[in-house]
Amino acid sequence: MQEIYKDFSRPVSERVQDILSKMTIEEKIGQMMQISFANVSREEAEEWVTKRFAGSFLHTLGEDSRWLQDLASQTRLSIPIIFGIDAIHGHALYNGATVFPSQLAMSCSWNEKLVEEAGRVTAREVAADGLHWTFSPVLCIGRDLRWGRINETFGEDPYLIGIFAAAIIRGYQGKSLSDSDSILACAKHYLGYGESTGGRDSYDTQASIRKVREVFLPPFREAVKAGCATFMAGYQSIDGTPVSASKKLLRDILKEELGFKGFVVTDWNNTGSLIINQKVCGNMADASRKAIEAGNDMIMSTNEFYDAAVELVKTGVVSEALVDEAVRRILSIKFAMGLFEKKNTTSKSHAFACPEHIETNLKLTRESIVLLKNENNTLPLGSNVKNIAVIGPNADCIKAQFGDWTFFSHPVPNPDAIPKIPVHTMLKGIEELSSSKGIHVFYHKGCDIMNAAEESIAEAVNCASAADVVIAVVGDCLDQNGEGKDRADLNISGAQQKLLEKLRSCGKPLIVVLVNGKPLSVPWIAQNADAVIETFNSGMLGGKALAEVLFGEVNPSGKLTISFPYHSGQLPVYYNLLPGWHGNKYMDMPEKPLYPFGYGLSYTSFKYSNLILSKTRCSASDTIVASVDVTNIGKLDGKEIVQLYANDVVSSVVTPIKELKGFKKVEIKAGETKTVQIPLEISQLAICNENEQYVVEPGEFLIMVGPDSRDEMLLKASLTVE
Ligand code: BGC
């Protein structure tokens, strides 16, 4: 008779119970192991599968995963391996797959549909490679810009991050995990990792439980609601307790309170770090016990965990029931994905960067671009422009444009790799569109980003002098972004500032294009350039989309999801600050950020009027609708991102001066007025009170609607909750 666990007509829970009852302790602990393929030899990898039944590998591609899966199928119970990869903005560790804009760039589109589609495309390409799981999305809050991983975030706002989290998770996981083109999402890094003190990666996060609940938890709650299959525990500690050792965060809040049903994987060697870095455990036995008891289900790249955990269960120090719970969670997902039915073992490489995927990518890239300044309508470029000088270290640098987590940087750095996909650097995009219009383009790199030498600036200036307009492409580079690459100084580095000053003195219109992982402190650029465009890490099509914007074929419609500082000493500058005494300001810095959250220009203009709430008195269980008239008063059709903010006028604890609670991106034709309706569930106005309870406190709320987070730009209406 067929064994129950092999019978796919049976419910997952029965199949899991059956296989668990047959498994040895070694087989169970094996399922909890995630082995890094890049860090073991082939012989060791084989042993991990055949002798210790490893449940998962990370960073294997194509053929290697098929080889390992084949070995697993020959083990006693033939439990399939689950393969994870950092497909962070596309399946980009694989040279040949679609490279999307970074999460930060894509968030500036404020287009959740396109973000979902990017997730779908990534899922298809990851699945086509025989892999099952991406360690994405990053739901850290990007508030300390010194942190090296800001590029991986969806920006600074918990609500917006939650919206994009749900969207990209839907995209990755598709309609059903059992579909052959669905992959598992992984919400990370749970919790508070983005705000480790001083922006120093993996250092302690100093946050109260109230702040944890109010600021860091909301996007993860949305991930659970969206059915996210896995979570990754952050590296760092919160107020001295490492997340991977925190029963409160993993078991009590995530699994019990939020009802998360999937499994938790640690981050890279979190279990070892309890001993080596965080020093809360003296040896591997202690660290393994803590990790299991806290609620980590899968252990990433701490290979010593295996022997220690087997011993802990055999000697009764850790109850087998705890291990069973972890293994049950892992196996449930393997069954739900249909892995036992040998899903997905052949490569379908025709999916990689296919025309349909490129088209989705291009749409998202276009909408991710943010126009920050456009003095005297410098842009779009007019028919009088016959010669363009493209100058700067990021004009023709695909590595800086891609940003982190691509085949250039991971898992084994390969800075000299040659992309197997068609890529558009900024220069290539401008050249292509210019040549179709008979415009000449001169290019000079001008200077380096990591080296202050100025010799080539004079030549670059010569080149600029011969043109009608100068497009300077500056920013940062891969060495300044990513894990362990936190920066104290957010100025543009190398000789870039000098280069810009010299270009300015040529007297030609100066358009600055920023290619960077995160906001830099660029007050000189904001003051002196005629036009400024932010592209962040725009991926393989950045140059194509940029050129379309420069020539007006695309009207820019992105807005910032993160605030820009004047200076790194001015941090934090996020918009949803708490009200403070003395105006929250330094005596030697402006009070406001250089560019605020929600800000971005278009080639047309929008006027807001007539803010009306469907109810001005309501109860905590109501949903109201805010409607506002938005008129396109310019000459071009455009897209506008209408934003709704709320403020709790008097509350039992100090609450932010304003918080985003809704938005809509709408297309409005020149001269047209649209009435935009944004729903607001009153439960969204809940705060976490002193006793860690979520409550909507009765009283007055201010509802604000407008084009960005600046007070002076917002229409206001009063709402009373009874
Ligand atoms: C990072 C994670 C990543 C993991 C696997 C860690 O260093 O913090 O975000 O998913 O490595 O590559």
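1. A polar contact here means a pair of N or O atoms within 3.5 Å; within protein, one of the two must be able to donate a hydrogen and the other to accept it, and residues adjacent in sequence count only if both atoms are side-chain atoms. With that in hand, start at the ligand: a polar side-chain atom of Arg149 sits 2.7 Å from one of the ligand's oxygen atoms. For His189, an N or O atom of the side chain is 2.7 Å from a ligand oxygen, and for His59 the distance from a polar side-chain atom to a ligand oxygen is 3.3 Å. On its own the ligand exposes 300 Å², of which the protein buries 96% (accessible areas by the Shrake-Rupley method with a 1.4 Å probe; for residues, only the protein chains shown count as cover).

2. Before going on, please keep in mind that this is a predicted model, in which local features need pLDDT of at least 70 and side-chain atom pairs count only at pLDDT 80 or more, while totals for chains, interfaces and linings use all residues. Residues are numbered from 1 along each chain as its sequence is written, and side-chain values use heavy atoms, with hydrogens and water left out.

3. Who else surrounds the ligand? There are 13 residues around the ligand, and the closest are Asp86, Arg149, His189, Tyr235 and Asp267 (a residue is near if one of its heavy atoms lies within 4 Å). By class, this shell has six nonpolar, two polar and five charged residues; Ala, Val, Leu, Ile, Met, Phe, Trp, Tyr, Cys and Pro count as nonpolar, Asp, Glu, Lys and Arg as charged, and the others, Gly among them, as polar.

4. On a 1 Å grid over the protein atoms alone, a pocket is an open set of points with protein on both sides within 12 Å along at least five of seven lines, a cavity is a set where a 1.4 Å probe fits but cannot get out, and lining residues have an atom within 4 Å of a point. Points are joined across faces, edges and corners, and a volume is the space filled by probe spheres set on them.

5. The largest pocket holds about 1,200 Å³ of space. Its lining counts 50 residues, with Tyr159, Pro218, Leu660, Lys661 and Gln684 closest to the centre. Helix α8 gives the largest share of that lining, ten residues (helices are DSSP runs of H or I, at least four residues, and strands runs of E, at least two, numbered from the N terminus). The lining comprises 25 nonpolar, nine polar and 16 charged residues.

6. The second largest pocket has a volume of about 670 Å³. Among its 30 lining residues, Leu577, Glu591, Lys592, Pro593 and Ile657 are the closest to the centre. Here the classes are 17 nonpolar, six polar and seven charged.

7. How many cavities of 30 Å³ or more does the structure hold? There are three, and the largest cavity has a volume of about 80 Å³. Residues lining the largest cavity include Glu27, Phe53, Arg76 and Ile81; by class, the lining has seven nonpolar, three polar and two charged residues.

8. Finally, a few backbone details to look at. The peptide bond from Tyr190 to Leu191 is cis, with omega near 20°, and Leu191 falls in the loop between β5 (186-190) and α8. Another cis bond runs from Leu571 to Pro572, with omega near 0°. Trp110, although not a glycine, has a positive phi of about 50°; Trp110 is in the loop between α5 (103-107) and α6 (112-128).
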